Amino acid sequence: MIAEQFPALIIVFPLITALLINVVGWWWIRPCFYMSILALAVSFISSIGILNTVVTQGIIHYKLGGWDPPWGIEYVVDHLNAFILVIVSFIGLLICIYSKKGIEQEMPKKIPQFYSIYTLLVMGLLGMTVTGDAFNLYVLLEIASLASYALIAMGEDRAPLASFNYLIMGTIGACFYLLGVGYLYIVTGSLNMADLSELLPKLYHSKAVLVAFAFFLIGIGIKMAFFPLHVWLPDAYTHAPSSVSAFVAGTMTKVVAYVLMRVMFTIFRPYFSIELIPATTVLGWTAVAAMMYGCVLAIAQHDLKRMLSYILIAEVGYIVLGISMANRMGLTGAILHIMNDALMMACLFSVAGAIMFKIGNRDITNFRNQQLNKKMPFTMAAFTITALSVIGIPPTCGFFSKWYLVIGAIDAQQWVFAVALILSSLLSAIVFFKVIEKIYFKPREPVHPDSGGTHEDVVMDEAPISMLIPIYIMVGGILILGILSGKIISTVIQFAVPASF
Amino acid sequence: MIEYIIAKYNYWAYIVLMMIGFYAMIGKGNLIKKLLGMNVFQWAIILFYVSTSVKKGGATIPIIQNGHGPVTHAVDVAQYLNPLPHVLMLTAIVVGVSTTGVALSLAIMIYRKYKTLEEDEILQSEEYEALKPEE
Amino acid sequence: MDVVYSIKPLLAIMVSLVAACLILLTGERSKNLRESWTILASVIKFIIVVSMVPSVLDGNVLEYTIISLAPGLFLQFRVDAFGLLFGILASTLWIATSFYSIGYMRGLKEHAQTRYFFCFAIAISATLGIAFSANLLTLFVFYEMLTLATYPLVAHKETPEAIKGGRKYLTYTLTAGVVILLSMAIIYRLTGTLDFKPGGFVAGSASADMLRFLFVTLVMSFGVKAAIMPLHEWLPTAMVAPTPVSALLHAVAVVKAGVFGVLRVILYVFGPAFLHDTGLWILLAYLVSFTIIVSCFFALAQDNIKRRLAFSTINNLSIVILGAALLSADAIKGGMLHIAFHGFMKITLFFVAGAIYVKTHKQNVSELDGLGRQMPLTMGSFAIGAMGVCGIPPTCGFISKWYLCLGSLAAHEIIFLFVFLASALLDAAFFFPIVYRAFFKKTKEDINPGFNEAPLFMVTPLMATAFFSLVLGIFPNAFVHFIEIAALAVQNIMGG
């Protein structure tokens, strides 16, 4: 019985908990963290239940309030949805565990508010993923965005201004999406995604539909930080609190990329997005620019989190590149990359947060003097493994998504895309090995062979266990999910790619 | 050409309004003016949606005329405006209000810190320079 | 050829991975325990690898699949004759290098020894992974692992030159890695598989131009690790690493992995028939002949011992590739044998260079006067190794060079015979002065320090490898049946 209600439970439980946390937080602060964990755990278990149902039985149609679509709001969960639900709720749960020590240090007076809004943010993202109604998606998009504006503004000193700029740009993006939905409503009278998919093909020649598609793309591009609409991302993610950066970097942009896939391939059939208008060509070339831009600018950064934000922009480029290749392999690579990138980015930002927690600053040029390899060996090992995954070294998961993307590029006969993919691998190698060098190899004067190395004993001062365990769970995922990617593709992703490819 | 503009005058009005809001968001330096621009932008979109509910032939607002008690007969749809966009825009108005609320609290935080709301002055100010994340 | 399912390849690789973890855990607390993990793992690994020899000589192929990654793509091990040859070389020489490293590190009281032994263990795992790979993808996985494991070894000293050397090494090898990735993806799309097949599997699946392009990219990108000119520059720069690392890089792991990759591409992906038909073999042969001759001249110009030996290695690697490019049975056999025999000889030479450094801190050839009196065992082993590289009997180098010359005659291209002979002469030109100086010149300081050898842990391995160079020269099939294995591999390629 419960299993049937999972699609609703996954939203309702965190929503109510978020409100309760705020209320409970007036009197007792300690329960707030545990309530949040409980809500996110329930979401995670529901998402696994949903994935299980979808894999074994097929697409789930859940009607809210019992109203039939297209009059009522419907939650439709197919393989793509279910996959992303699991990813988002998993990372939400992990980062919530991770956040405990960090939040206590960064904002001790605002703990109930943080957990309340954080739960709301996770719920908004999960709702965006699970809904089958275009307007409902707008509402949940705005819920998630507002929560993220508030959370980012709780950060360090430059955060409120960064969050304000993000707010302005993000609202433009969401309003463009709303305009797109409006245009579609005018011409079809429906808001349900499956219904729109049936009604639109007769109207593909109309200008309103064309304009709607354009508005969708721009609005989603702004929200996803797709070059050149990415301007808000580096500031916002750098100055946000560590846990917030870790979570939003791993999930927000990926969920919006999923929305792009829904718009391009479910609402508008693939025929429209690929052949009727050259959207995929435009997206593809812009994605190449995004990848190059992100990697090159990351090389120039001193602040670790800022560097990671630019890498994130490049990663979004990968996903859109995969979508734009418009063949089965490319889309497989894009969907696989959503999972891998969520893990990698969340892990990298978590490591940056752990460093900030222990040391208090994130300047890369300072790492040499900090002797991080002796003080925080486990955290640095996690960083190295995740960096290797971003570069695309087997057997980490990053290699496998790159493999599918390269094959997709070859299938599409787009050699420039393939070369761009491997070039960005090399650029990200430069970015990360610069940092790895500074962590592990201190330039020193040639040691005279007989003097013997004298080392002041540096005491190991690792990040707290509540931070290390989520980081290492994510690292474990990065190492294992790569090798299991064949299984993942054959059970889930193979069906998530639209059937006409 | 002129008939084209006159016939769709409502849409043109919303476009103008939207562009005014957009310009304010991008072109103005004062944070509150940006916020006002954002509001104008959002209201333009809301008005656009609402205006799509109009029907030709003298449709009236979607409240049943001379009705009392539960409705027992069918309603002539052509007499009433489409209520769905109105309802959707209620949601959108709520979203807009919450966004404005969040933005205003951010503006208060920024004002407390930098004592000004002009973006140029904030970026030049000593407090901003002093708050470099490194060091 | 029968396929036998056996977990031995996986075990051989896992042994040193487990050892690596144990080394990391033991750390600086108990140095002797840490060293014993290394030695124990190397011995166990050698036993496992050698235990596979009888089965492979019978004509079987040992296979083990880890997991299926995509239709037609597996993470899979398949031990065939050629892979076993490389595997035996790697595991044998690792035992020697382990003892030698211990002596070297302790003799110099080096820093970061735990990191060193940890990366060492992972590097040898990766090398065996390369040797036992069943397809290009598995080879690529372990290839990159090898790059990453050897990078901290190259930059070990952490001086600015060492860090620069590490950076250059990484740039060359990672770039080559991504080019391999692209070529692999294209081949997978064209043929649907990446499995190695004796005699190649690619021919006929695409236009001749595309296949030529793929051949060039694959050979050149594996050729980066195999130090084909002009992509060889990283190797002399990497000499900034401690000598056991250079020994590992130059005899066992990295460069031999590169050459192994090139040979796999030539013989098992494209196949001799393809090379012959397209005329690519002549192009490749000329390219590597250029490397062979030019590297000798570079070697003559070097004063630093290790740099001279680096160019000699570049020379010998291209000799192996030339052997494979000549496409005749004897030449390929000679090339494969040279992989193994050159390993023994070169590692001796590097061991000697390191021993000299530890004992006397001398790094240049011009400083070696009279050293033979002080360290006769060391310099004697050097003489044997040098003789081997030049191809003078009764060392094993003569055997491989003999097959190579036979092969070049069979290929009806006399010019390559002259290339081999010229290279041998030039080798003598730059090795002989070292031997001459050590034994026949008086020390500059005119004091006779008397017999003062390098530490025992260092002298024993280098004498052992020199001894084996001699033994294998007289009884080439001794112990591990190198000749039979190579012959089996060639027979599969040419006949199969």
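**Figure 1. Where chain A touches chain C in this predicted model.** The contact is built from 28 residues of chain A together with 29 residues of chain C. On the side of chain A that touches chain C, three helices each supply at least two residues, namely α18 (397-411), α19 (415-440) and α21 (485-496). The helix that gives the most to this side is α19(A), which contributes 7 residues. When the residues of this side of chain A are sorted by class, 19 are nonpolar, 5 are polar and 4 are charged.

**Figure 2. Where chain A touches chain B.** Here 30 residues of chain A are in contact with 26 residues of chain B. The helices α5 (134-153), α6 (159-188) and α9 (232-239) of chain A each supply at least two residues of the side that touches chain B, and α6(A) gives the most, with 13 residues. This side of chain A holds 16 nonpolar, 7 polar and 7 charged residues.

**Figure 3. The packing of helices α2 and α4 of chain A.** Two packed helices are described by the angle between their axes and the distance between the axes. For helix α2 (residues 30-57) and helix α4 (residues 111-130) of chain A, the angle is about 10° and the axes lie 9 Å apart. Because angles under 35 degrees count as roughly parallel, α2(A) is described as roughly parallel to α4(A). From α2(A), the residues that take part in the contact are A:Cys32, A:Phe33, A:Ser36, A:Ala39, A:Leu40 and A:Ser43, and they meet A:Ile111, A:Pro112, A:Tyr115, A:Tyr118, A:Thr119, A:Val122 and A:Leu126 of α4(A). Of the residues in this helix contact, 10 are nonpolar and 3 are polar, while no charged residue is found among them.

**Figure 4. The largest nonpolar core and the surroundings of C:Leu146.** The largest nonpolar core has 439 residues, and the members that touch the most other members are A:Ala346, A:Cys347, A:Val406, C:Leu85, C:Ala123, C:Leu146 and C:Ala325. Helix α14 (residues 328-359) of chain A gives the most to this core, with 20 residues. If the neighbours within four places in sequence are left aside, C:Leu146 is in contact with C:Ala123, C:Ala126, C:Thr127, C:Ile130, C:Ala253, C:Val254 and C:Ala257.

**Figure 5. Chain A as a whole.** Chain A contains 21 helices and 2 strands. Its radius of gyration is 22 Å, close to the 23 Å that the globule rule gives for 501 residues, so chain A is as compact as a globular protein of that length. Along its principal axes, the C-alpha trace of chain A spans about 85 × 60 × 45 Å. Buried residues make up 63% of the 501 residues in chain A, and, among its contacts between residues at least 6 apart in sequence, 80% join residues at least 24 apart.

**Figure 6. Chain B as a whole.** Chain B has 6 helices and 0 strands, so that its elements, followed from the N terminus on, run α-α-α-α-α-α. Its radius of gyration is 22 Å, whereas a compact globule of 135 residues would have one near 14 Å. The C-alpha trace of chain B spans about 75 × 45 × 20 Å along its principal axes. Of the 135 residues in chain B, 22% are buried, and residues 24 or more positions apart account for 47% of the contacts in chain B with a separation of 6 or more.

Key. Residues are numbered from 1 along each chain as its sequence is written. Chains are lettered from A and ligands numbered from 1 in the order in which they are written. This is a predicted model: local features need pLDDT of at least 70, side-chain atom pairs count only at pLDDT 80 or more; totals for chains, interfaces and linings use all residues. Helices (H or I, at least four residues) and strands (E, at least two) are DSSP runs, numbered from the N terminus. The radius of gyration is taken over C-alpha atoms; the globule rule is 2.2 Å times the number of residues to the power 0.38. A residue is buried if 20 or more other C-beta atoms lie within 10 Å of its own, exposed if 12 or fewer, and partly exposed in between; C-beta atoms are placed from the backbone. Two residues are in contact if their C-beta atoms, placed from the backbone, lie within 7 Å. Ala, Val, Leu, Ile, Met, Phe, Trp, Tyr, Cys and Pro count as nonpolar, Asp, Glu, Lys and Arg as charged, and the others, Gly among them, as polar. Axes are lines fitted to C-alpha atoms, for helices over the stretch in contact, and angles run from 0 to 180 degrees between N-to-C directions. Angles under 35 degrees count as roughly parallel, over 145 as roughly antiparallel, 65 to 115 as roughly perpendicular and the rest as oblique. A nonpolar core is a set of buried Ala, Val, Leu, Ile, Met, Phe, Trp, Tyr and Cys residues joined through C-beta atoms within 7 Å.
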